[in-house]
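Thank you for coming, everyone. Please take a moment with the sequence and the structure on the screen, and then we will go through them together.

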Amino acid sequence: MFSSGVKQRQAAFFFALPALVLLLSVSIYPLLRTLGLAFSSLELTISPVETFVGLNNFAKAFGDMRFWNALRNTLILVTVGVAIQFVLGTVLAVLLSEIRFTRMIWLIALLLPVMIAPVVSGFQFRVIYNDTFGPLNYLIRALSGGAVAAPPWLADTRTALLTIMITDVWQWTPFMMLLMLAGLESIPVELTEAAQVDGAGYWDIFWRIKMPMLLPVIVIGLLIRVMDTFKTFDLVFLLTGGGPGSSTETIAYYTYLNGFRFFSMGYTAAIAFIQLIIIIVIARFFMIAQKRVRGGSA
Amino acid sequence: MFRPRILFLLVAAFAVLASSALAQEPPSHLGVVDYQLCDNFGGVTVTVVGDAGHNLAPYEFWKDDFAAMGINVEIVEVPFADVYQVLKTEFVAGSGAFDVVTFYPSYIGDFAGNGYLLPLDDFIARDPAAVWDPNMEDVLAPFRELYNRWANQTYALTIDGDVLVMMYRQDLFENEEERAAFQARYGRELRPPETWDEWLEVAEFFTRPAGATLAGETLTRPFYGTAEFGRRGFSYAWYLNRAASNGVILFDELMETDINSPAAVAALQNMIDTLQFAPPDVLNFGYDELRDAFIGGQLAMVVQWTDVPKKAADPSISQIVGKVGVGRVPGFVVDGEVAHRSMMPVGRVVGIAADTDVPEAAYCVAKHIAYNTSLENVSTSLTGLDPYRATHLTNPEAFAPLMGLENARAYLEGLQAALADGYPDLFIPGAAQYQDALDLQINRALAGEVSAQEALDAAAAAWNEITDRLGRETQISFWRQALESYRAVGLIR
């Protein structure tokens, strides 16, 4: 005979079992399998036989200039691109929070880019950036009377990464705006009214009351966007194919090439794991920041 | 009240609709090829996979024929760049998702060598021949030997005979004013370039800003001498046109590469020098952009796949109808003679998946597209499929409705000359990796990230690393097999 406590624990276990099995089969097992692959050589182009190679794949990654170049490009997109999305998103959220009557119309209009599939926006911007037929260079030439030399956006190593960043900013700034707007709306109006009574001006209220209260939302928003931008693939695939040269190859695109073009599965698993570690470190940093903001300890 | 403007608009709209309707008519049976359909299979389903777009159109053209054979053809379209990835993934997983697989022959070593495809020789040898024999002797030797066979067995049937050819604006090259101006500037006659050095001169000559005069007309937009495939993916093939003609060999018998030799560097430098006479966004030019720039009347000459002259003859999309000449891809002078080489990148073949449940029906579908209806499939502008059989070259009448008999003859002659210069893409296992490594470095040199020498040194190092990683001995044995095929078609001695 079992006590009721044991029975309850057994029942709890059986209730949790389906979710546990699902988690193990679709998340934990693939993760462990990938980790195993990272220490193996599996060249599917030649043979399905897997051989243990220790840390060779990781050593190769650290000596692979193409990997480092892709990581550099990714970090530029993450740091500069997400910073721009944050600033623009905040500005738009503040402006929207000031509007009362037509806010819904503006909100829907501004949210449209988020609703478009990245593949569609990639094609859209490929046309926009086209030097011969694209509207962007047409406008630059028309407005400047031909005085300004419109750059070949996607074909110049100096502008190609920028075009990917601009497209990403166009698509995801509204997401940041939405988060910030929700944060602004959740600030109790009594706080700002009290500050006004005490003689605080608009900027005092913004910097000393609203921004500190928005910090938890900012941390979560930045974390989501940083992790998402770190995986940038579709825009690179559609807009530049990683070129010109290697100027827009991101770490996700390079991983895709190794995995699904070269079928070099061991090396792919190793660089995927390096990315995972980087993302975990970044996420940990944001979570520490989050706890500090909330007044807890890391 | 008579309104001439409205009448004009109506007439113009009718003309546009009529011309596009004429140009868009699906082909019907020409009756040139003798064949019989397979016996009725009683309603089996054959799943065909291929790159999305116009090259799958033949399965729609001939759906009544498939129905007559009791075959329901289901099409799975995958993006052009993802064919290898999708097929390889399904093959490795053993999913049995596809019966007829359309792929680029670069991967025949990988797919046939790993046992993913059924050998077709038994089907080909069956009786009656009118049903089963795809007349392989009719397939031009480079495609038959390099695209269809692996380890002395037939694994695939060609459906698209890709080879690069030079196209040029015949009207400009024949214009008296332009000819005189060229003669005065360069001291020689204006003609389609024979060598890559001439290519640079002609490209320079025709590159003009908006407002300048071209063939007696004032340009409203800049005009360029040429353009290249500058986008990552196939820029290596435009480079190899030059390198192969300059005597560069990809690998010797021991897989040692010549890809960073002085001749190779000179070839790449020529390609880099060409970019100054190309549109400013040439480094983002893929197949579509390169084709559109040419048929949109923006370029004097271009090297492109052989379907582009067909597109240039289609008034619904082309601004240069009847103005296109086709010629041999230029070459470098080696040992006092111009050595021409035309790369044969992409191309399409169909094979039968080894794990298919309906091998006979799948073969009948493949044979119907690859042989029975092939002349119809390659002579329409509704596909991007290019000639690959002797039957195609000897029947210019099939192409006449599209481009006129004279132009059709010139087109097929140009194509035949290009095929005689044909230089195959790598097709040993690992081809995708070798191509990508070279393509990346070519693209870096074109973008000015590195010099031609640095780029090719890096490509050679990458090739050696790939060979070592895949197993040098294995790769050497694969490469020697490939060399046998090269010898069989006379590419090397």
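Predicted model: local features only at pLDDT ≥ 70, side-chain atom pairs only at ≥ 80, totals over all residues.

Which way do B:Val100, B:Val101, B:Thr102 and B:Phe103 point from strand β3 of chain B, and are they buried or exposed? Residues are numbered from 1 along each chain as its sequence is written, chains are lettered from A and ligands numbered from 1 in the order in which they are written, and side-chain values use heavy atoms, with hydrogens and water left out.

Now to the strand, where B:Val100 and B:Thr102 point one way from β3 (residues 100-103) and B:Val101 and B:Phe103 the other way, and all of them are buried. By buried I mean under 20% relative accessible area, with exposed being over 50% and partly exposed in between, using a 1.4 Å probe and the protein chains only. In a regular strand the side chains alternate between the two faces of the sheet.

What lies beside β3 of chain B? Strand β1 (residues 44-51) of chain B runs parallel to β3 and is joined to it by two bridges, and within this pairing B:Val48 has B:Val100 as its bridge partner. Strand β15 (residues 348-352) of chain B pairs with β3 in the antiparallel sense over four bridges, and here B:Phe103 stands opposite B:Val349. Two strands are said to pair if DSSP finds at least two bridges between them, and the helices (H or I, at least four residues) and strands (E, at least two) are themselves DSSP runs, numbered from the N terminus.

Strand β11 (residues 324-327) of chain B is likewise covered on both faces, with B:Val324 and B:Val326 buried on one side and B:Gly325 and B:Gly327 buried on the other. Strand β7 (residues 164-169) of chain B is antiparallel to β11 and joined to it by four bridges, one pair of bridge partners being B:Arg169 and B:Val324.

Let me turn to helix α4 (residues 83-93) of chain B, whose buried residues include B:Val83, B:Tyr84, B:Leu87 and B:Phe91. What covers the buried residues of α4 in chain B? The cover includes β1, β2 (71-78), β3 and α5 (108-113) of chain B, together with α11 (251-261) of chain A. After α4 comes B:Gly94, with a positive phi near 60°.

There are also some backbone details in the loops of chain B. The peptide bond from B:Asp127 to B:Pro128 is cis, with omega near -5°, and B:Pro128 belongs to the loop between α6 (121-124) and α7 (129-132). B:Val346 has a positive phi of about 65° although it is not a glycine; this residue sits in the loop between β14 (342-344) and β15, and at 7% relative accessibility B:Val346 counts as buried. B:Ala151, with a phi near 50°, is also a residue other than glycine with a positive value, but B:Ala151 is partly exposed, at a relative accessible area of 44%.

As a whole, chain B has 23 helices and 16 strands, and 59% of its 493 residues count as buried. For 493 residues a compact globule would have a radius of gyration near 23 Å, and the 23 Å of chain B agrees with that; the radius is taken over C-alpha atoms, and the globule rule is 2.2 Å times the number of residues to the power 0.38.

How many helices and strands does chain A have? Chain A has twelve helices and two strands. Its radius of gyration is 24 Å, well over the 19 Å that the globule rule gives for 298 residues, so chain A is more spread out than a compact globule. Of those 298 residues, 44% count as buried.

A:Thr163 lies in helix α7 (residues 160-185) of chain A and, at 0% relative accessibility, counts as buried. Leaving aside its neighbours within four places in sequence, A:Thr163 is in contact (heavy atoms within 4.5 Å) with A:Tyr129, A:Trp153 and A:Leu154. A cis peptide bond, with omega about -5°, joins A:Gly243 and A:Pro244, and A:Pro244 lies in the loop between α10 (234-239) and α11 of chain A.
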